[in-house]
Amino acid sequence: MAQAPTKQGVVTGRVTDRNTLETLVGAAVVVDGQTAGVQTDAEGRYRLVLPPGTYALKASFIGYTPITQFNIVVTTGNNQSINFELAESDANTKEAVEVVADRKASARVTKIETPLSINSLSSEEIKSNPGGNFDISRVVQALPGVAGSTGGGLGFRNDIIIRGGAPNENVYYLDGIEVPVINHFQTQGSAGGPAGILNVSFIEDVTLSSSAFDARYDNALASVFQFRQKEGSRERVQGNVRLSATELATTLEGPLGPKTTFLASARRSYLQLLFQAIDLPIRPNYWDFQFKVTHRLSEKTTISLLGIGAIDDFSFAAPRKSSPEKEYALRSVPSVNQWNYTVGASVKHLIEKGFINVSLSRNMFDNGLDRFEDNTKDESRRVLKVRSAEIENKFRADITKFYGSWKVTGGVVGQYVKFNNEVFTRIQNEIRDPSGAVVSPAIAINFDTKLDFFRYGAFAQVSNSFLNNRLSTSIGLRTDMNTFTTTGRDPLQTLSPRVSASYALSEKWAVSASVGSYYKTPIYTVLGYKDAEGNFVNRDNKYIRSTHYTTGLEFLPRNSTRITVEGFYKDYADVPVSQRTGISLANQGADFSAVGNEATVSNGKGRAYGFEVYAQQKLSTNYYAVLSYTFVRSEFSGANGQLLPSAWDNRHLLSALFGYKFGKGWELGLKYRFAGGTPYTPLDLTASQRNYILSGQGTLDLNNVNAARVGAFNQVDIRLDKKWNFSRTTLDIYVDIQNLFAFRNPAPPQFTFERLADGSNWATTDGQPVRADGSNATPLLLVNDDALVLPTIGFIVEF
């Protein structure tokens, strides 16, 4: 009887010089622990054929430090793409070689410009993350210093909070092109939303820098995310289909010619069907799309085209059975109609001992918000209307060049910005006493902005290593300007020096430190705000400044293990403060509306400080593990100058992740997250009763900003996968349960009025229709601490 053919999978990739990006011809790529392997060809490419399973691959080349990549899953359905970047060894002395080689262990992710406060995730670590739902924005919350949104929303929104900074302090780069919007239903002026846009099937790895930023990155105060995409398969057209209870996603990739590859994907949400089935009144609905085309013009020049976009619609429907909680959702949350895209082209050209990057991109974010009293469509009862468009056209160019042991980088950036913003917000109705006299006038914001201006900047950075490569240092400088704000053309206003250093105490230990100042333009909603006379009243706002002081210790006991301890202090200045409320805008951005449509003044201050402990074990034998703890304090001042706990002041963050591969395609993952309760501003019950019919929500007591605190957040997630490999396809069935133990995660209480027993209308004390000032209604505080368990079963087919 003929023997059945052995099932095989394929791993391909390139091996390049980490510094110059030159291909390494003849480099060896082997399964770690084995001697048999392959060598790279004239293009630095390799091809390995292996039985399905999980491997660690090791790349080596004469004169370079070997690198091992872990948790590489080989299947029959898709060819796997794994690239290696090797760092050249220093052969001056045996001692230097030993120290540097071990310091460049595979678990280490730091680089000379950013020797600390940096972490990385591979695509496989993102895909298999319990509770992550293939959402990069959720997965990174397991890293040190990273929290989700505040006040009980941690399990729902992707407000990425880094070391006590607001969500809009982060910047995101996809293959070197800035992508401002990475979440569906994004809060304008902030960055969060309930679901991520990026397709993990495109991602090779993600790097998060939470301090010591490279000078090439502008407008970052808290962190820089770098998403590196893979290239499409050069050998055949392949792809995958992912189906779960909430979405359907399809990805295709393959060759378009001998020098050209493509990646393309589309995803459709079915959340609206799920919410309809469980009788929730909200109907979130979204699509997203992504593509990448790579063409090799020559041996030294590559051009890449990429794009990403989303269409979001957040609407409402009357529930089959009314309740105070459902009525609150109908009245308090605006309907959302958004779309966004980023498209770009980048050219990478290799030169002698270096390379040049040039990119052009355009991004647009169109945002529509509507809210009415009683959720009607009657224009006379409109509470909120926003029609906004943010458009940025960007050019970036930079060069990296090595002169002996010196690394020199420099570059420029230019942007043409257009911002249109039509806003109507009714804050308060006119209130009269029984005699008809006006007790409190109506308050409304109504303006229409059309704004365009230029932003531009330049940077330079110099790095080198001394003392037989034990001491690494880097010094950078950048400045950013614009043509709109009063002081925007002065380069000295945003001159931002930064310096970092790292010293290898031994082959396993290193100590590092950095100091740097970073600047960010005020958000467009602030810059575009007009008063009743049509004047731009916020032109005097300054760039927001944050100065970071960080120090840390890194321990690499093994090639697959990394342990770090870091301390940080961030000092903020020139933070926008609302002239109407006197509250810092740094405390806003964790809802579905917009931030910044008001007059502000740049006199706010702030600080965030704390320490982190992080331990990571890459997949070794059959298991992997991550443990992270962060203590953080975050405080900002308003008009009175008093530092108060910010909305991001979690104080304690703990996450633990454990995964085990049993063999035969079975894998189990467990994740635990804890976050200390965040502050919130309590309700002014009298004002809430007076304004509720208009606003649909409670009125905050601004004399007690962030004086209360919700309970702590706890969540355990579990995921079980089983893979079957067939001749040319792979089937992965997974079960994922978020909040396995049904922990209650409290949020601030919500203000509403009691309704009649049948839910048809408001209950009143006199049996008459509720008055506009709510004086005959019965107040009701909703306790917001549901224990929501989210089970999901999904199917992934690779072909």
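Biologist: What makes the pair Glu422 and Lys385 a salt bridge?

Modeller: A salt bridge is a side-chain nitrogen of Lys or Arg within 4 Å of a carboxyl oxygen of Asp or Glu, and the closest N and O atoms of Glu422 and Lys385 are 3.6 Å apart, so the pair is counted as one. The two residues lie in distant parts of the chain, 37 residues apart, with Glu422 in strand S26 (residues 406-428) and Lys385 in strand S25 (residues 382-403); strands here are DSSP runs of E with at least two residues, numbered from the N terminus. Please keep in mind that this is a predicted model, in which local features need pLDDT of at least 70 and side-chain atom pairs count only at pLDDT 80 or more, while totals for chains, interfaces and linings use all residues. Residues are numbered from 1 along each chain as its sequence is written, and side-chain values use heavy atoms, with hydrogens and water left out.

Biologist: Why is Asn714 called buried?

Modeller: Asn714, which is found in strand S42 (residues 713-725), has a relative accessible area of 18%, and is therefore called buried. By contrast, Asn469, in the loop between strand S29 (443-466) and strand S30 (471-482), counts as partly exposed because its relative accessibility is 23%.

Biologist: How do you know that the side chain of Asn714 makes a polar contact with the side chain of Tyr672?

Modeller: The distance given for these two side chains is 2.5 Å, and a polar contact is a pair of N or O atoms within 3.5 Å, where within protein one must be able to donate a hydrogen and the other to accept it, and residues adjacent in sequence count only if both atoms are side-chain atoms. The pair therefore qualifies.

Biologist: How many salt bridges does the structure hold?

Modeller: The structure holds 49 salt bridges, among them the one in which the side chains of Arg478 and Asp480 meet at 2.8 Å, N to O. Both Arg478 and Asp480 are buried.

How values were computed. Helices (H or I, at least four residues) and strands (E, at least two) are DSSP runs, numbered from the N terminus. Buried means under 20% relative accessible area, exposed over 50%, partly exposed in between (1.4 Å probe, protein chains only).
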